[in-house]
Amino acid sequence: MSNKWDTRFLGLAAHISGWSKDPSSQVGAVITDGNRIVSLGYNGFAAGVEDRPERLSDRECKLNLTIHAEENAMIFAKRDLTGCTVYVTHPPCPRCASKLIQEEVQRIVHIAPSEDFLSRWARDLELSRQMYREAGIEVSSYEIEQVDIENACITVAPGGFFRSVLSRFLEK
């Protein structure tokens, strides 16, 4: 896959991340087979589970109720994901990495994490990288400035980790 498609699909994942109601971390994922979209996902509660403000502001409760963007994309794919590529706005956590490996995806592409994100999640991300190496999964990372934003039509969700990132998209 070319850098052009990688950065387009990362732009789409960034757009989808804005659909999350999480006040601190909006995450988006796109699964593709070549340059064809297989599925989309964003982090949030299961269908029918109320995303009330008190649940979203209670970190422990929110973490227990949230389905990650990659998980949602896998659930909605409804097909074999062998050989697919997953584009995600954040590097996948070990919980998602193990599921992506089990689904036999071929490649993970993500936006490079900020220093703030790494200060909190570096150990988890190293575990994910170790699992990818062991499983032979290719991983690519792009700096936010490399992401194609020409056609993304990004909107900024209130608050959240990606607020400053998404604000950059609106500057164009």
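The structure is a predicted model, in which local features need pLDDT of at least 70 and side-chain atom pairs count only at pLDDT 80 or more, while totals for chains, interfaces and linings use all residues. Residues are numbered from 1 along each chain as its sequence is written, and side-chain values use heavy atoms, with hydrogens and water left out.

We can begin with the sheet. Helices (DSSP runs of H or I, at least four residues) and strands (DSSP runs of E, at least two residues) are numbered from the N terminus. Five strands form an open sheet in the order 2-1-5-6-7, and their pairing is mixed. Strand 2 and strand 7 (138-142) are the edge strands, each pairing on one side only. Two strands count as paired if DSSP finds at least two bridges between them. On average, neighbouring strands of the sheet are turned by 15 degrees against each other, direction ignored. Axes here are lines fitted to C-alpha atoms, for helices over the stretch in contact, and angles run from 0 to 180 degrees between N-to-C directions.

Strand 1 (residues 28-33) and strand 2 run antiparallel and are joined by six bridges. Gly28 has Tyr42 as its bridge partner in strand 2, and Thr32 stands opposite Ile37 in that strand. The two strands form a hairpin with two residues between them, and Gly34 in the turn has a positive phi of about 65 degrees. Strand 1 is also joined to strand 5 by four bridges, again in an antiparallel arrangement; here Ala29 has Val88 as its bridge partner. Five of the six residues of strand 1 are buried, so this strand is largely enclosed by the rest of the structure. Buried means under 20% relative accessible area, exposed means over 50%, and partly exposed lies in between (1.4 Å probe, protein chains only).

Next come the helices. Helix 1 (residues 3-17) lies across strand 1, strand 2, strand 5 (85-88), strand 6 (107-111) and strand 7, and runs at about 140 degrees to strand 1. Leu10 belongs to this helix and counts as buried, with 0% relative accessibility. Leaving aside residues up to four places away in sequence, Leu10 touches Tyr87, Val88, Val109, His110, Ile111, Tyr142 and Val147, where contact means heavy atoms within 4.5 Å. Leu10 and Tyr87 are 77 residues apart along the chain, yet their C-alpha atoms are separated by 5.8 Å.

Helix 4 is mostly covered, with seven of its nine residues buried. These are Ala69, Glu70, Glu71, Asn72, Ala73, Met74 and Ala77. Their cover includes strand 1, strand 2, strand 3, strand 4, strand 5 and helix 5 (94-102).

Two loop residues deserve a look as well. Lys78 has a positive phi of about 55 degrees although it is not a glycine. This residue is placed in the loop between helix 4 and strand 5, and Lys78 is exposed, with a relative accessible area of 68%. Glu104, also not a glycine, has a positive phi of about 65 degrees. Glu104 lies in the loop between helix 5 and strand 6 and counts as partly exposed at 49% relative accessibility.

Finally, there are the pockets. Rolling a probe the size of a water molecule over the atoms shows where empty space is left. A pocket is an open set of points on a 1 Å grid over the protein atoms alone, where a 1.4 Å probe fits, with protein on both sides within 12 Å along at least five of seven lines; lining residues have an atom within 4 Å of a point. Grid points are joined across faces, edges and corners, and a volume is the space filled by probe spheres set on the points.

The largest pocket holds about 600 Å³ of space. It is lined by 23 residues, of which Ser25, Val27, Leu63, His68 and Trp121 are the closest to its centre. Helix 3 (59-65), helix 4 (69-77) and helix 6 (115-135) are the elements that give two or more residues to this lining, and helix 6 gives the most, with five.

The second largest pocket has a volume of about 340 Å³. Of its 21 lining residues, Tyr42, Gly44, Phe45, Ala46 and Asn72 are the closest to the centre. Strand 2 (36-42), strand 3 (44-45), strand 4 (66-67) and helix 4 each supply at least two residues of this lining.
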